[in-house]
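Thank you all for coming. I would like to walk you through one model this morning, and I ask you to keep the structure open while I talk.

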Amino acid sequence: MSASIEKGINALKRQVDSTVAAFFSSCVHCGLCAEACLFYTETGDPRRTPINKTEPLRRIWKSEFTLMGRVGKMLGLTKKVDDKLLEEWQELVYDSCTLCGRCSMVCPVGNDIALMIRKTREGMAAAGQAPEGLIGATNRSVTIGSPMGVKWPALRAQIKHVEEDTGLKIPVDIPDVEYMLLLSSMEIMNFPEFIEAVAKIFDKAGATWTISSEAFEATNSGIQIGVSDIAAELVQRIVDVADKLKVKTVISPECGHAYMAIRWDGPNLVGKPFNFKVRHILEVLDDLRKDGRLKLSGRETQKLTYHDPCQISRRGGVIDEPRRLIDMFAEDFVEMPDAGKMNWCCGAGGGVSANERADEIRLKVFERKKAQLDEVKPDAIISACSNCRIHLEDGLEEYNMDIPLLSLTETIAEHLSDD
Amino acid sequence: MNDISNEADFRRVLESLGDVQQRQVAILFVKHVLHLSDDKRLERVIKTAADPQATEEELAASLKLAHAVTFDSHARCGAEGQWSDQAGYFVARAAVAATTSPEHSRVGGAAWQAAMQARMAYTTMLIDADTDQHSAHTECEWQYQCLSGYLND
């Protein structure tokens, strides 16, 4: 047995707990999860069914944690977990799963299949069976603080640019404020307008806020690749700064998995409750709306629809907030079929977009999103995840669909009332 | 005699321009940063957009081409970002702004949107230069002068 596979097997063993045991014991092999997964529905490939992606973890559970499995192992009858299996499964576990959680929603016995796939990734990563793109992103997150290598001087330059354009001061490292805004590297590099939008909205709302020069990155590659220790370290960096600055609320930006990582996984990863709240930017904006601190003017007359980012809507529960916000400026809003908690993933989450090897299948499964859009034929699509946004644009280009993408936060900033 | 020297006047004047003027000024802004992109397709985009005889179909094809350059040049999620390459992405977005039809232009209009993206291109280029003097101020000043000159012609 090679050292890497031993590490992988040990990591998989560590993942087996009562949840995992209950999962594999209760699975009734109904196949409903298959029909909920766009990597199966759009390819018809039975290897890509959600339950099959957990096979390495299932084999470890069966051979190490069940009586029949142990007997079978002694007799040499059980299926092994070896380098060949993990190498074969790498493409299924990383390229063909966005951890969108749609499979978990339809499981008749209530198993969180997406969580099981994430646990499977723990073993894959420990065995060195993770995509190069994700390994690079994770290494940069640990050493630099950003999966894309964005350093503070680069963000400082973007902040200066925003200040010059708007005449507004962007607060940095200010203690005792209401909000500490996190950003994703995608926003800093591709959509710096997001910073400008938040600055304008908070200025109008009279909100006190800051960006930290020590911990501004929201994304968490540890979650995506499946290394809990790294995921915990990245969360802890934010916790340390938020505690130091004594902020009341940490804001997760327009990034899907960042929200899951810091809000729902975060306290469990670091092993204690936070001293501050965590909210998605859309929740914060909706609170400002409720408090009468967000006033908009002008209406969008084009037909708009909203793409629910999986980690924000389905996994995060932020479904009504974006719709209430859109209602403030949209004249003609239409819902795609399956919108809300059962929305279909764009196909690029969970580290898929960071994995060049997955480009072909990522665009292939976009056919599901295309079908949703064909049903309602919008003039523009609104979303609240910069990764969804980039991939939707990519998919629309691939399928010759001319539909602009809008950020919800940026669109709100465009409609801010002058009063 | 127009002499624009501040951001408020700059934006007010840009918003007062008609559709044709918006596009003409947007093209001037894009041309000034075109050298920051190594994608030659953008030269074709701007050449078509600047041609008063261009048909609707040709302009639509130019917009599609500008979009394609944007997709090809954006920083990939999780990939190591190169700021000097990223300047080309913002040049492409400026070209998209300049070629978007007036009814689909976002707030501020085509010229304002192109101006912002051109400044971003300049900013990102300076980030890689690893200097503390990060500023798009020079580009702003140039845009003020450019607009003043356009109005005075």
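I will begin with the conventions, then take the domains, the strands and finally the contact between the chains.

This is a predicted model, in which local features need pLDDT of at least 70 and side-chain atom pairs count only at pLDDT 80 or more, while totals for chains, interfaces and linings use all residues. Residues are numbered from 1 along each chain as its sequence is written, and chains are lettered from A and ligands numbered from 1 in the order in which they are written.

Chain A is assigned domain 1 (3-130), domain 2 (144-289) and domain 3 (291-414), with bounds that come from an automatic or database domain assignment. The centres of domain 1 and domain 2 of chain A, taken over C-alpha atoms, are separated by 33 Å. Their contact takes 6 residues from domain 1 of chain A and 4 residues from domain 2 of chain A, where two residues are in contact if their C-beta atoms, placed from the backbone, lie within 7 Å.

Now to the strands, which like the helices are DSSP runs numbered from the N terminus (helices are H or I, at least four residues; strands are E, at least two), and two strands pair if DSSP finds at least two bridges between them. In chain A, strand 1 (residues 179-181) and strand 3 (residues 249-252) pair in the parallel sense over 3 bridges, and Tyr179(A) has Thr249(A) in strand 3 as its bridge partner. Strand 3 of chain A also pairs with strand 4 (residues 277-280) of chain A, again in the parallel sense, over 4 bridges, with His280(A) in strand 4 as the bridge partner of Ser252(A). Between strand 3 and strand 4 of chain A the chain passes through helix 17 (residues 256-270), and this β-α-β crossover is right-handed, that is, with the strands pointing away from the viewer, the path from the first strand over the helix to the second runs clockwise.

Further along, chain A has an open sheet of 4 strands in the order 6-5-7-8, with parallel pairing. Its edge strands are strand 6 (330-333) and strand 8 (405-407) of chain A, each pairing on one side only. Strand 5 (residues 300-306) and strand 6 of chain A pair over 3 bridges, and Glu300(A) stands opposite Ala330(A) in strand 6.

Finally, how many residues does each chain give to the contact? Chain B gives 29 residues and chain A gives 34 residues. On the side of chain B that touches chain A, the largest share, 6 residues, comes from helix 6 of chain B.
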